[in-house]
Amino acid sequence: MAYLDRARELFDDAVKVRRTLHENPEVGFELPETTKLVKAKLDEFGIAYENVGNTYGITGALGDASKGKTVLVRADMDALAIQEKSKSVCTSKNDNGHLCGHDMHTTILLMVLKMLKENEDQLQGQVKFLFQPAEETLNGGKVIIEEGLFKDGKPDAGFALHMWPNGDKVDVEIARNEVLASALNFQIVVKGVGAHGAMPNNGVDPVFVASQIINAANGILARELPSNQGASLSMGKFEAPGGAVNVIPDKVVLEGTSRSLYPESAKHMAKRLPEIVEHIGKAFRAETEFTVMANCPALVNTAEEADLVKTAAEEALGDDYEVKNIGPYLASEDYAHIASQLDKTCYFFVGCPLPDENGQVYPVHHPYVQFNEEALIVGSATMATAVEKWLAEHK
């Protein structure tokens, strides 16, 4: 049976799983209820699994490694600490929200594993799977590797997908090379000396120093990086606790991110940002601290695997859904930690817009975003076909 037909048969049960996950989102590395549901479904499918080290990550394998190569299929499970505001059929019951579609990803991987298990004797190799925590921290993939994901050896290829809810229709979208940008997330603490606002000479103004850091750091983009190999820099948080209209505080906290599609530019930003912070601080008599919160590489597809996924999607979906090539985005994804360790990989998107009553669609991480559950069928049929096809062509 074609995987699209089988995915349609599994759809009703998949929707129940997805809605249960969506109503009960968990964040970060602590995912006890999410993993309890995942394990229950794996038990139902007769698929063995284990935790990845001392984490809530779940891994296992099916197929026969003696028949050929090994493919990794990965889904992330964590939600965001953002309260959902849409009024869908399965709105979150707590203050967190599955606003990046990881509930869809988890459900799709369960569907893929069920379909591949049913066809296990036909697989020309082994399928390793990973249900990963803490993608939103951009550290989950790194920790999973450190905890032993590759303890038995690295797979020969890896595949993952992501929802794309602000498109035009349900479809499959694939980038042939660069997919998503690197991410350097950081915190800057500027320690000054508080003073009365009318007498700044009696203190060291950390607000002023922080503003100079912001200006100087943006100078890296304009004057130190090639114009055709740039990066972005955004300061999303500026806190001056204790400050007031006439009070200079003694500390400022900045948090921000730098993104790039180019490894050399990303490395340059990682080197120069702490230097700018340190020397601007010294120039104006403030103490500074620069802390890296996450450092995730760019996510890059191998062209051969991107082409294979495109062909697999076209074979699986026929004329029912469009399959197209796209360019990269400057968002980031910590599957890049895993992909950077593999020789062959493809990460693709599944369009899943679900307009609200006003016809409006929203991007991931938006409190009103909704996801078209038809993408469960499209994503799982594409992924199962791609995995089977890759193993057959690389035996």
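User: What separates the centres of domain 1 and domain 2, and how far?

Analyst: Domain bounds come from an automatic or database domain assignment. Here domain 1 covers 3-180 + 298-393 and domain 2 covers 182-296. Their centres, taken over C-alpha atoms, are 36 Å apart. In contact (heavy atoms within 4.5 Å) are 15 residues from domain 1 and 10 residues from domain 2. This is a predicted model: local features need pLDDT of at least 70, side-chain atom pairs count only at pLDDT 80 or more, and totals for chains, interfaces and linings use all residues. Residues are numbered from 1 along each chain as its sequence is written, and side-chain values use heavy atoms, with hydrogens and water left out.

User: What area is buried between domain 1 and domain 2?

Analyst: The size of an interface is often given as the accessible area lost when the parts come together. Buried area is that loss (1.4 Å probe), summed over both parts. Between domain 1 and domain 2 it is about 930 Å², with 65% from carbon and sulfur atoms. On the domain 1 side, L138, A298 and L330 supply 47% of the area buried against domain 2, more than any other three residues.

User: Is T106 buried or exposed?

Analyst: Buried means under 20% relative accessible area, exposed over 50%, partly exposed in between (1.4 Å probe, protein chains only). T106 has 1%, so T106 is buried. Among the residues T106 touches are L21, V38 and F131, not counting residues up to four places away in sequence.

Terms used. Buried area is the accessible area (1.4 Å probe) that two parts lose on being put together, summed over both.
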